[in-house]
Amino acid sequence: MTDLAGIGSVLGAWYDFRDLNNLQRLITEWIADWGPDWLASIITGVLGALGILGVIGPTLLILIWVERKVIARFQQRYGPNRVGPKGLLQPVADAVKLILKEQLAPRAADKLIFFLPPVLVFIPGILIWGVLPFGPRMSVADLNVGVLFLLAVSGTAVLVLFMAGWASNNKYALFGAMRAVAMSISYEVPMVLALLTLVVFSGTMSINGIVQWQQQEDVIFILLFPLSAIAFFFAASAELNRTPADISEAESEIVAGYHTEYSGMRFGLFYAVELGNTLVVSAFIATFFLGGWWLWGLDQWVPSWVILLAKTGAVYFLLIWTRGTLPRLRVDQLMGFCWKALVPATLLFVVVAFVERTLLISEGWDTTVALPIMAVFNIALSLGAVMLFARVARPAPLRRPARIRMAGSDIGGLNAAREVAARREEPQLQVGGD
Amino acid sequence: MSDFGFHLAFWSLAAMTIGGASMIVVSRNLIHAVIWLVLSMLGIAGLYLTLSAEFIAVVQVLIYVGAISVLMLFAIMLTPRAERDNSQHIKTAGPAGVVVIMVMIATMWVAIDTDWGAVREAALTEQARLIGESLIKHYILPFEIGAVLLTAALVGAIALARQDDEDAAVHAASLQAELDDDGSVDPVDVVDPPLPTDGEAST
Amino acid sequence: MTMSDDTRLAMQGTIEALTSGDGSEPVVVNLGPQHPSTHGVFRLKVTLDGEIVQDAEMRIGYLHRSMEKLAEERTYTQNIPFTDRIDYLAAMSNNLAYCLAAEELLGVEVPPRANAIRVMFAELQRVASHAMANGTFINDCGAWHTPLFHMFRDRERVLDMFEMTCGARLTTNYMRIGGVAFDLPDELLPTLEQFLADMPENIANYEALLLENEILHARARGVGVISPEMAINSSLSGPVLRATGVPWDLRKANPYCGYESYEFDVPVGEQGDCFDRFLVRMAEVKESLRILRQVVDTLPDGPYLADLPLHARPEPGESYARVESPRGELGFYLVSDGGPAPYRFHCRPPSLINLSALKEMSIGGTLADAIVTLGSIDIVVGEIDR
């Protein structure tokens, strides 16, 4: 291990592709030799932005293909397989089609506000990438309030959705917008609390700091705070409008929600941003709870950003999986789940994190011994909390099992119905219930 | 950062802030006004960033753009349509304008008069920690008072929101009176003519 | 200063809302005629208070093709293709019900092999139709098409068997007055055997995925409830009726085509909610497979079509025949005036009558509940409008 660490520090030249920051630093230093300060910061900023855009653009195109292909496999289909090899060019064909399509706007729409959202929705979607650490020194802006920045930027996205839904002057769109806003505000609370747990425990608000804490202590946060991780995962999938929480664009209820009236590439932009947000949320889940670019020393061998992308892919697959499997919750159930289940659970673990942090710092417990004990304790506590919730908060209709009986020879109207219902034998089928 | 970059950032952000603020006053549609307000808030957040106050800037976006403006939009959506738009006949507009201008002059006077030299020091790192420590250690009493005040406001809001039927009737009567005072023709007769009676023929 | 008309109108709306008691204006939302969840061109006009349904109004007729009138101009045999298009998801059942009515009018004796084949295809049709109904129901609950596509796989195999036998998949036109159009092809029985062998595993998979799914329970339990009394008073039939606990199945109550000789059971629910309807359909598929097994084992030999003149002219009179279609009691009423075409041709479509209870079921629930309820009733708009 020591040798490897040595190699890590020896290299650092621009061709060390394990950390692309080396290249950028070279450029910065070169400009600083002859140019003013502000030119260097502008050029590196533009380079970072181009790097991110250059990664996101093609990745989105591939992701559309991946998502459609994986969902198709869940559904015993082939998925796109006509355009290009293995259907890989299908997203390109779709994009061309969307660009060529007519852009319709409802006559009664609020024109300015109607045209803005497809463009504005990109801003938070791209900004959020800025604070994602791809490696020890690889992030466009390593803010020391990175966690807050993440929350602030993702919070503004909902405003754009509201603008889209309101300006369309369509009832479905307005319903979608109101649902999106209500849900986004509610689910921000468990999201903030889940991240607060990490911030309290690791003592830093820098995202890279959180990853480095996990690296130092040789533990990933999902083991220490599993319930916070699950709450964050669910809250994030709610903010992303993905099943089981896609109520703001619930196809079977309100057609397409806030983007019902958007056609052509305007819809395409919404779609692309939604997909991009899914990717970035997967990346942040991987960063916060799965150790980000770090993987028990493997980051010395493999470029750290490859590790992050692999973890992101795993989380993304999980998101596709839930989407392909689960039905959608109702609006009130989703809100109830947020306030009655996720908020108390995450709040509980904020308190737990406070106590455990105090034990580690003030009481000076040895981390190598204390952390495994805390992990076991927290996992047990999480299981207990989940079981308690399942027992206490189940809605009344679900507490009785649903039964199917066989009529046998009793065929007829109400009298026969009473006779069948009064039978003592076990029903043919019994599901649910406590 | 050199002077040029700083000036560029400052003046563009200032234009954004003041332009957005002016549009709030000018626009008739309240939803538009909220969106201009958001622009103005973002400008202020940017100004904080130029002052190296990252924490305040991010919190500004988080609270004002992400939460307060959304809350405003919600309030507007939940308000009946008549009271949604900037009214054309606010009788108190004159006095309110005078008060606002006086507050503005006072603020500017304070801003110009104060010696801001202390802030020119190097940017603080770990602002969040400093802010947190001073809130908990030095300013614990104002902090707690603020918390109690907010709780009271929350309870008060809930109490106000539970409007009962009598209040609704009073409110309706006042609106009706306003309608009656108004000289114009009742639009219901104009835009909603009685349906043509085609009798049983259509059934 | 005078207000604009808009402002005045809006203020009057506010006054109305304030004096109406709850201080909010209801919103009328049109679901359909073009909407992903109305299963065809059907329009549901709901009045919403927030998300709560205050009133639901059904507007039908977008798919009206005047079948009943058209049928009065064609001979009895020529009318069979119309019945395919009444309920296009259960063409075999519709063929069967019409042929039974015509046979009663003409007094035709159907050979036993034809009866067995009829039962076989009616039950296959039930499997296909229930696969569609349950799949789209889960979709209405918000699933991303996964259960639908899995169930479509079963339906696809049934449609393949239809195609094998009569050349058509959807509009089969297979039954004839006095029997069926063609005898079974040689490859049908092995295919059916394979199908019967594979289905239990598939059903077990669906049950593993869906029956204990907490989200599905939360969405469908206690939603769209109707009492057995109300169901009978609304003359509901089929799985919607049986989900309330009323054991009424025409295959038992009024057997036709020799159903009395097969052993099967009638599953009934308890609560009469959407989830029970779903469960009843799942259980009925299993019973249909049981019947199919017996039909294959006891398939008699002999003619598959009775001897009958090409253009039969029944004596003046009337007849009514009904079958248990996948959606409920499907009846055909024929009146003859002695001519080559029916004087009156009337269809009792189960979808239309089951749909009439939607208002009762959905008021007081949310918009999302109304959609799930509509999905659980399993309507076919072609049958509603005819």
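Gln76(A) lies in the loop that runs between helix 3 and helix 4 of chain A, in a model that is predicted. The phi angle of Gln76(A) is positive, near 60 degrees, in a residue other than glycine, and with 11 C-beta neighbours inside 10 Å Gln76(A) counts as exposed, the limit for that class being 12 or fewer. Lys86(A) is found in the loop between helix 3 and helix 4 of chain A as well, and the two residues are set out below.

| Residue | Phi | C-beta neighbours inside 10 Å | Class |
|---|---|---|---|
| Gln76(A) | Gln76(A): near 60 degrees | Gln76(A): 11 | Gln76(A): exposed |
| Lys86(A) | Lys86(A): near 55 degrees | Lys86(A): 14 | Lys86(A): partly exposed |

**Chain A as a whole**

Chain A contains 19 helices and two strands, and its C-alpha trace spans about 95 × 65 × 40 Å along the principal axes. Of its 434 residues, 45% count as buried. Among the contacts in chain A with a separation of 6 or more, 74% are accounted for by residues 24 or more positions apart.

**Helix 4 against helix 14**

Helix 4 of chain A, residues 90-100, packs on helix 14 of chain A, residues 264-289, at an angle of about 135 degrees and with the two axes 6 Å apart.

**Helix 12**

Helix 12 of chain A covers residues 226-239, and at 1.5 Å a residue its 14 residues should span 20 Å, which agrees with the 20 Å that separates its end C-alpha atoms. Twelve of these 14 residues are buried, so helix 12 of chain A is largely enclosed by the rest of the structure. The buried residues include Phe232(A), Phe233(A) and Phe234(A), as well as Glu239(A). Helix 12 of chain A is followed by Asn241(A), whose phi is positive, near 60 degrees.

**The nonpolar core**

The largest nonpolar core holds 248 residues, and the members that touch the most others are Phe162(A), Ala177(A), Phe232(A) and Ile285(A). Helix 9 of chain A, residues 171-202, gives the largest share of this core, with 18 residues. Phe232(A) is also one of the buried residues of helix 12 of chain A. Leaving aside neighbours within four places in sequence, Phe162(A) is in contact with Ala177(A) and Val181(A), and also with Val70(B) and Leu73(B) in chain B.

**Where chain A meets chain B**

In the contact between the chains, 23 residues of chain A are in contact with 24 residues of chain B. At least two residues on the side of chain A that touches chain B are supplied by each of helix 3 (37-74), helix 8 (146-167) and helix 9 of chain A. Helix 8 of chain A provides the largest share of that side, eleven residues. By class, the side of chain A that touches chain B has 18 nonpolar, four polar and one charged residues.

How values were computed: Residues are numbered from 1 along each chain as its sequence is written. Chains are lettered from A and ligands numbered from 1 in the order in which they are written. This is a predicted model: local features need pLDDT of at least 70, side-chain atom pairs count only at pLDDT 80 or more; totals for chains, interfaces and linings use all residues. Helices (H or I, at least four residues) and strands (E, at least two) are DSSP runs, numbered from the N terminus. The expected span of a helix is 1.5 Å times one less than its number of residues. A residue is buried if 20 or more other C-beta atoms lie within 10 Å of its own, exposed if 12 or fewer, and partly exposed in between; C-beta atoms are placed from the backbone. A nonpolar core is a set of buried Ala, Val, Leu, Ile, Met, Phe, Trp, Tyr and Cys residues joined through C-beta atoms within 7 Å. Two residues are in contact if their C-beta atoms, placed from the backbone, lie within 7 Å. Axes are lines fitted to C-alpha atoms, for helices over the stretch in contact, and angles run from 0 to 180 degrees between N-to-C directions. Ala, Val, Leu, Ile, Met, Phe, Trp, Tyr, Cys and Pro count as nonpolar, Asp, Glu, Lys and Arg as charged, and the others, Gly among them, as polar.
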